[in-house]
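Me: I'm new to this one. Can you walk me through what stands out?

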Amino acid sequence: MVEWGILIATYLFLGGLAGGLFASTAALDAITRGGIRRTSKLGALVSWVSMAIGLILLLADLGRPEHAFRIMLAPHMESPMAWGAWVIVIFTVLGLAYWLGLSDFGGEPLKPLRSALNRIKDLLGALGSMFGLMTAAYTGILLGFSRQSLWRPWALPVLFTVSGIATGYAVLMYLVHRTGEDVGLSPAGLSKVELIVGVIELLVALLYVATIPTPARGAIASLTSVNGVLFWLGFVAVGLIIGEILLPAISLRTPEKAPSPALVLTTAALVLIGGYILRYAVLYAGQVA
Amino acid sequence: MEYGVLVVVDRCIGCRACQVACHVWNGTEAESTEFSPDYTNPPDLTSNVWTVVRFVEMGEGDGLRWYFVKRQCMHCVEPACVAACPTGALHKDKDGIVLWDSKKCIGCRYCVEACPYGVPHFDPLDKTIRKCTFCADRVREGLEPACVAACPTDALIFGSLDEIRARAEEYRAKGHPVYGLEEGGGTSWIYVFPKETAPSDAGLPRLGPETPRERIDKGLLALAMAAVAGLAAWGVSRGKAAPAAQEVKVR
Ligand code: SF4
Ligand code: SF4
Ligand code: SF4
């Protein structure tokens, strides 16, 4: 029986995206020593909004959302869901602070707060990256504490984390393209990072499938089930092999030239679609296996 | 003292008196059901059906027989449902009974996913989970659980957990497969199976000795590794900072 459905699938995806996007943004911002202010601001904002939407979906899925405060105020701290909720809340606060420090939000009255936050931007970036990747990993750890054989392999949180980084990075590449800021790395360097993440993700995906115990594996490994088709075609073929490996490899063939807008957009779209399908297929297949 | 029940599978005749007694005592509504191919009826536990007698074929060759295996909450020694519950709505009391507090339940259904036996069910009307209570309201008044009291063949034996475990060990020494002494840290409802059968034939999950706590600790380790990765990614990027870009900041 499917107990956790589309709202949770979307939340798992958005959590990974938010975490990966923040970590990629903060990393690029650190490389340029704050030289890409507009891109960083946008990256932090998109990350924060994704996480906020994810949290709203999570609340909407609860039987009694009006009691959700209990997780924060009177948590049973042993529960992965309780510590995960704390990780996410800390991450959203850090993300908001990071963005605020870069923005002009609130005009004159908020100026002292903004410049104070801007001064500790490095600290916020480092901690935010930490909590961002914890958020991405947590979405997999959450599923891992269950009876579902498809969710229990330890490669799953790794896969969700790498996928979070890949989706976040793809969105960041689109934002870099939009702002046109100089990121201090050649287009080839940027595509290479994408390609490396793609290859790692492919290996982790295969490891994940290989470590699912046999009776349950078919629910996702076999092309006879809807979720299997989604997993192999939607996630592995379209998102991973085409989006994260082939398209960056194509950009690499012209190392000096920035990839065309159409290529950047297509790459981001395919990677995002693949990432979403991954969460959807694993979540549903896990409950029918 | 912790309570326990021994379920002696080959004494069960499949009369379902326990199912009826459970509904009557707990006032849970009956489900309208349909014919199910294996005669298990209703086909599974639900938020109203807290116990169900599974009809299963077990054994091999001439030993192949129909057996009846009552299922309900196992009141695990280390319950995964309790560990999963983020608000502490589910809890294990000193007498071993695992209960829930509907006022604290937020309806996240994590317990539903976590329980290895598929026991807690979310009730869409109550907006909370429901399951077997071990008849805490009887047991704590010195009575047997309703299902145990109704059983005409003594297939269900109620007692202290120590006593129940000791009897299970005796059966095991005689060559009976036993379920619940170790699995997932052990359970308060322990099953004795007929020789030549296996608990997994009756749908009981093959659980290693890993306890929920041990699994959660591994999850925390994974979380810590993600934290280190996040910090390292940022630190390495910072170390790579281009000197030209640094000037931008100085200006
Ligand atoms: S059988 Fe399931 S619901 Fe019952 S105590 Fe064990 S984990 Fe909890
Ligand atoms: S559904 Fe209720 S009882 Fe179950 S884990 Fe969530 S809050 Fe706890
Ligand atoms: S112990 Fe009580 S609640 Fe549990 S199955 Fe038996 S009659 Fe039902």
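Reply: Let's start with one pair. A:Glu78 and B:Arg213 form a salt bridge, with their closest N and O atoms 3.3 Å apart. Keep in mind that this is a predicted model.

Me: Where do A:Glu78 and B:Arg213 lie?

Reply: A:Glu78 is in the loop between α3 (69-73) and α4 (80-102) of chain A. B:Arg213 is in helix α7 of chain B, so the pair joins two chains.

Me: Which side chain does B:Arg109 meet in a salt bridge?

Reply: That of A:Glu3, at 3.2 Å from N to O. B:Arg109 sits in the loop between β5 (98-100) and α3 (110-114) of chain B. A:Glu3 is in the segment before α1 (6-31) of chain A, so this pair joins two chains.

Me: And B:Arg109, buried or exposed?

Reply: B:Arg109 is buried, with a relative accessible area of 7%. A:Glu3 is buried as well, at 13%.

Me: What does A:Arg152 pair with?

Reply: The side chain of A:Arg152 meets that of B:Glu210 in a salt bridge, 3.5 Å from N to O. There is a network here: salt bridges link A:Arg152, B:Glu210, B:Arg215 and B:Lys218.

Me: How many salt bridges cross the interface of chain B and chain A?

Reply: The rule finds 5 across that interface. Over all chains, a search of the whole structure finds 16.

Me: What about a pair within chain B?

Reply: Take B:Arg130 and B:Asp123. They form a salt bridge, and their closest N and O atoms are 3.6 Å apart. B:Arg130 is buried, with a relative accessible area of 16%. B:Asp123 is buried at 7%.

Me: What area is buried between chain B and chain A?

Reply: About 4,500 Å². Carbon and sulfur atoms give 62% of that area.

Me: Which three residues of chain B supply more of its buried area than any other three?

Reply: B:Tyr110, B:Glu113 and B:Arg215. They supply 18% of the area that chain B buries against chain A. B:Arg215 also belongs to the salt-bridge network with A:Arg152.

Me: What does B:Ser237 touch?

Reply: B:Ser237 touches A:Ala27, A:Ala30 and A:Ile31, leaving aside residues up to four places away in sequence. The place of B:Ser237 is in helix α7 (residues 212-239) of chain B. B:Ser237 is buried, with a relative accessible area of 9%.

Me: New topic, the ligands. Which residues are closest to ligand 3?

Reply: B:Cys22, B:Asn26, B:Cys132, B:Cys135 and B:Cys147 are the closest. In total, 14 residues surround ligand 3. Two elements give two or more residues to that shell: α1 (17-26) and α5 (146-150) of chain B.

Me: How do the residues of that ligand 3 shell divide?

Reply: Into 9 nonpolar, 4 polar and 1 charged.

Me: And which residues are around ligand 2?

Reply: Among them are four cysteines: B:Cys85, B:Cys105, B:Cys108 and B:Cys111. The shell around ligand 2 divides into 9 nonpolar, 2 polar and 1 charged.

Me: On to strands. What is the order in the open sheet of 4 strands in chain B?

Reply: The order is β8-β1-β10-β9, and the pairing is mixed. The edge strands are β8 (156-160) and β9 (178-179), each pairing on one side only.

Me: In which sense do β1 and β10 of chain B pair?

Reply: Parallel. Strand β1 (residues 3-8) and strand β10 (residues 189-192) pair over 4 bridges. B:Val5 has B:Trp189 in β10(B) as its bridge partner.

Me: And what about β2 and β3 of chain B?

Reply: Strand β2 (residues 52-58) and β3(B) pair in the antiparallel sense over 7 bridges. B:Met58 stands opposite B:Arg65 in β3(B). Their hairpin has 6 residues between the strands, and B:Gly59 takes a positive phi near 95° there.

Me: How many residues of strand β3 in chain B are buried?

Reply: 5 of its 7, so strand β3 (residues 65-71) is mostly covered, where buried means under 20% relative accessible area.

Terms used. Residues are numbered from 1 along each chain as its sequence is written. Chains are lettered from A and ligands numbered from 1 in the order in which they are written. This is a predicted model: local features need pLDDT of at least 70, side-chain atom pairs count only at pLDDT 80 or more; totals for chains, interfaces and linings use all residues. Side-chain values use heavy atoms; hydrogens and water are left out. Buried means under 20% relative accessible area, exposed over 50%, partly exposed in between (1.4 Å probe, protein chains only). Two strands pair if DSSP finds at least two bridges between them. A residue is near a molecule or strand if one of its heavy atoms lies within 4 Å of it. Ala, Val, Leu, Ile, Met, Phe, Trp, Tyr, Cys and Pro count as nonpolar, Asp, Glu, Lys and Arg as charged, and the others, Gly among them, as polar. Buried area is the accessible area (1.4 Å probe) that two parts lose on being put together, summed over both. A salt bridge is a side-chain nitrogen of Lys or Arg within 4 Å of a carboxyl oxygen of Asp or Glu. Contact means heavy atoms within 4.5 Å.
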